[in-house]
Amino acid sequence: MKKIINDPSAVVDEMVKGLVFAYDGLVEQLPDTNVVHRKADKNGKVGLVSGGGSGHEPSHAGFVGKGMLSAAVCGEVFTSPTPDQILEAIKASDEGQGVFLVIKNYSGDVMNFEMAKDLADMEDIKVEYVVVDDDIAVEDSTYTAGRRGIAGTVLVHKILGAAAEEGASLEELKALGDKVVSSLKSIGLALSPATNPEVGKPGFEIGADEIEFGVGIHGEPGYRREKLQPSASLAEELVTQLKKEFNWQSGDSFALLINGMGATPLMEQFVFTNDVHHLLQKEELDLAFKKVGDYMTSIDMEGISLTLLKIADSKWLDYLNAPVTTIAW
Amino acid sequence: MIKVETAKKWLDLFIEQLLENKVYLSELDTAIGDGDHGNNMARGATALKEKLAEKEYDNLTDLLKDTGMVMVSKVGGASGPLYGSAFIEMAKAAKNDEQVALADLLQAGLDGIQKRGKAAQGEKTMVDEWIPVIEDVQNNQLTTEKVDEYVEKTKPIKATKGRASYLGERSIGHIDPGAASSGLLFKTMLKAGVADE
Ligand SMILES: Nc1ncnc2c1ncn2[C@@H]1O[C@H](COP(=O)(O)OP(=O)(O)O)[C@@H](O)[C@H]1O
Ligand SMILES: [Mg+2]
């Protein structure tokens with residue numbers, strides 16, 4: 001393992017300190033926690049809190065700021081944060097109208113955030129949440145923990161953040177969140193695994209000439225391995241999977257997010273974007289919003305994911321385009 | 001009746017075993033999860049060691065409650081809330097009945113795990129360790145060999161809960177890491193003599 005770190009078990013603490021130092025005009029660290037909280041005036045709106053294991057930077061702390069998240073809870077690498085820390089984030093984000101949580105669908109995250117909600121209830125803070133499960137690589141059945149939450153989560157942050165900024169109530173955010181999540185689908189692929197600094201070894205093994213479709217952002221297994229192939233055929237596979245899920249019609253309006261996994265250069269991301277563009281153009285989709293870059297990474301994994309959000313309401317585009325002050329949007 | 005000194009000895013041994021088996025538990029989790037179970041439990045064990053050194057405990061409830069709180073706030077992942085709920089529910093059981101029998105104490109812990117994680121028997125989780133162990137404790141026939149046997153028995157199960165469920169068929173043939181760490185809990189319970197009281 002070759003990484004710019006000190007003690008592997010101190011990586012998250014040190015990263016949070018560095019981030020907060022670098023962006024001290026925007027964010028602050030809540031004392032004795034790894035919660036990154038925005039430095040914006042409180043004006044009686046619903047707070048928006050997300051978080052999860054670290055290793056997905058800029059998620060989620062990079063999206064803390066006016067118009068997006070009120071706070072992000074940074075867990076240990078690939079490990080859900082604990083209820084006491086989530087509770088601190090909730091308390092700091094409450095402006096009197098309650099707090100909305102955006103949770104990625106992993107057993108650990110759901111349990112820890114639910115426990116934090118129980119604790120907040122005892123402190124008389126109203127809390128609602130949405131669980132994001134956009135990864136279509138997973139079978140959604142009673143035989144799995146359900147679909148995982150991956151890069152599409154960032155679009156949920158943006159839409160709900162803009163709605164909260166506009167003054168939406170907790171109940172309105174819940175309804176909006178559920179609707180957005182049901183219109184959101186993603187799928188990824190990996191060329192090489194991530195190495196969790198605390199583990200010291202790559203999360204899985206894969207041949208130098210192989211790729212795996214459907215790998216999760218913690219290196220969870222995908223659905224198929226193949227030999228490395230040109231970007232155009234990789235894009236075709238991912239678009240085909242999304243098409244099966246959406247059953248779209250020509251003219252349908254979508255937001256597009258192409259996300260790098262951490263060690264895939266922007267050069268390759270844009271090559272892939274060009275291929276996706278051609279494929280979706282053939283489908284005659286209206287790509288009303290587009291974003292490309294590292295949004296939900298997996299430490300140093302080489303790979304990419306493709307997210308589409310079916311725009312069910314043109315208001316969602318306003319929310320996506322609304323100005324924000326964050327580190328990474 | 002379970003003496004607080006004996007329970008303290010149990011936890012001390014459990015802490016020691018978690019630290020000793022950190023790499024092993026993470027290796028089990030690398031095969032069917034995300035490779036952090038040993039690190040998570042070791043982080044909890046280190047924090048628990050510090051917590052338990054802070055004061056002398058004179059009752060089982062406080063000891064179990066503090067243990068639960070440390071688990072919840074330090075372990076993280078899925079196992080943090082699960083072990084945390086187990087110890088907090090055991091603390092409640094000890095509070096309601098100072099003479100609580102070991103099997104009833106453990107049953108309260110299992111109820112906590114199942115309430116939080118909603119896993120039934122046969123889903124390849126720590127629940128598959130707790131259920132047969134509690135049965136044996138009830139019948140006074142738990143042995144170290146049996147604890148190990150139940151851990152081993154998670155191998156052929158196909159996971160339908162937790163991260164391992166993403167593997168489907170490929171989760172077959174591997175020990176469940178949470179069942180293995182629970183195995184350490186029950187072996188140290190026997191070693192400390194909790195079952196003899
Ligand atoms: N819903 C559940 N009910 C009971 N036990 C579970 C559940 N989900 C996961 N587990 C247990 O947790 C263990 C994994 O813990 P850990 O690796 O620390 O957390 P994570 O899965 O979040 O990485 C599994 O081996 C399993 O025994
Ligand atoms: Mg794990």
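1. In helix 3 of chain A, the buried residues are A:Gly108, A:Asp109, A:Val110, A:Met111, A:Asn112, A:Phe113, A:Glu114, A:Met115, A:Ala116, A:Lys117 and A:Ala120. The model is a predicted one. Just past the helix, A:Asp124 has a positive phi of about 65 degrees.

2. A:His157 sits in helix 4 of chain A, residues 153-165. Its relative accessible area is 0%, so A:His157 counts as buried. The side chains of A:His157 and A:His60 form a polar contact at 2.9 Å. With neighbours within four places in sequence set aside, the contacts of A:His157 are A:Leu48, A:Ser50, A:His60, A:Phe63, A:Met68, A:Leu69 and A:Val102.

3. A:Ser250 belongs to the loop that joins helix 6 (231-246) to strand 10 (253-260) in chain A. Beyond its neighbours within four places in sequence, A:Ser250 touches A:Glu283 and A:Glu284. The C-alpha atom of A:Ser250 is 9.6 Å from that of A:Leu280, a residue 30 places away along the chain.

4. Which residues coordinate the magnesium ion, ligand 2? The donors are OD atoms of B:Asp29, B:Asp34 and B:Asp36, at 2.1 to 2.2 Å. Along the chain, the donors of this magnesium ion have the spacing D-x4-D-x1-D. B:Asp34 and B:Asp36 are both buried.

5. Ligand 1 has 20 residues around it, and those that come nearest are B:Ala78, B:Ser79, B:Gly117, B:Asp176 and B:Gly178. Two side chains approach oxygen atoms of the ligand: a polar atom of B:Ser79 lies 2.4 Å from an oxygen of ligand 1, and a side-chain N or O atom of B:His37 is 2.9 Å from an oxygen of ligand 1. On the backbone side, a polar atom of B:Gly117 is 2.9 Å from a nitrogen of ligand 1. Ligand 1 on its own exposes 560 Å², of which the protein buries 96%. Helix 3 (37-54), helix 5 and helix 9 of chain B are the elements giving two or more residues to this shell. Helix 9 of chain B supplies the largest share, three residues.

6. Helix 7 of chain B runs over residues 127-138; at 1.5 Å a residue its 12 residues should span 16 Å, and the end C-alpha atoms are 17 Å apart, which agrees. The helix is mostly covered, with 10 of its 12 residues buried. These are B:Val127, B:Asp128, B:Glu129, B:Trp130, B:Ile131, B:Pro132, B:Val133, B:Ile134, B:Asp136 and B:Val137. What do the buried residues of helix 7 of chain B pack against? Their partners in chain B are helix 5 (79-96), helix 6 (102-117), helix 8 (144-152) and helix 9 (177-192). After the helix comes B:Asn140, with a positive phi near 55 degrees.

Key: Residues numbered from 1 in each chain as written. Chains lettered and ligands numbered in written order. Predicted model: local features only at pLDDT ≥ 70, side-chain atom pairs only at ≥ 80, totals over all residues. Heavy atoms only, no water. Donors = N, O, S within 2.8 Å, 3.2 Å for Na, K, Ca; no water. Buried < 20%, exposed > 50% of the residue type's maximum accessible area, 1.4 Å probe, protein only. Helix = DSSP H or I, 4+ residues; strand = E, 2+ residues; numbered from the N terminus. Expected span 1.5 Å × (residues − 1). Contact = heavy atoms within 4.5 Å. Near = heavy atom within 4 Å. Polar contact = N/O pair within 3.5 Å; in protein donor to acceptor, adjacent residues only side chain to side chain. Areas by Shrake-Rupley, 256 points an atom, 1.4 Å probe, with all protein chains shown as cover.
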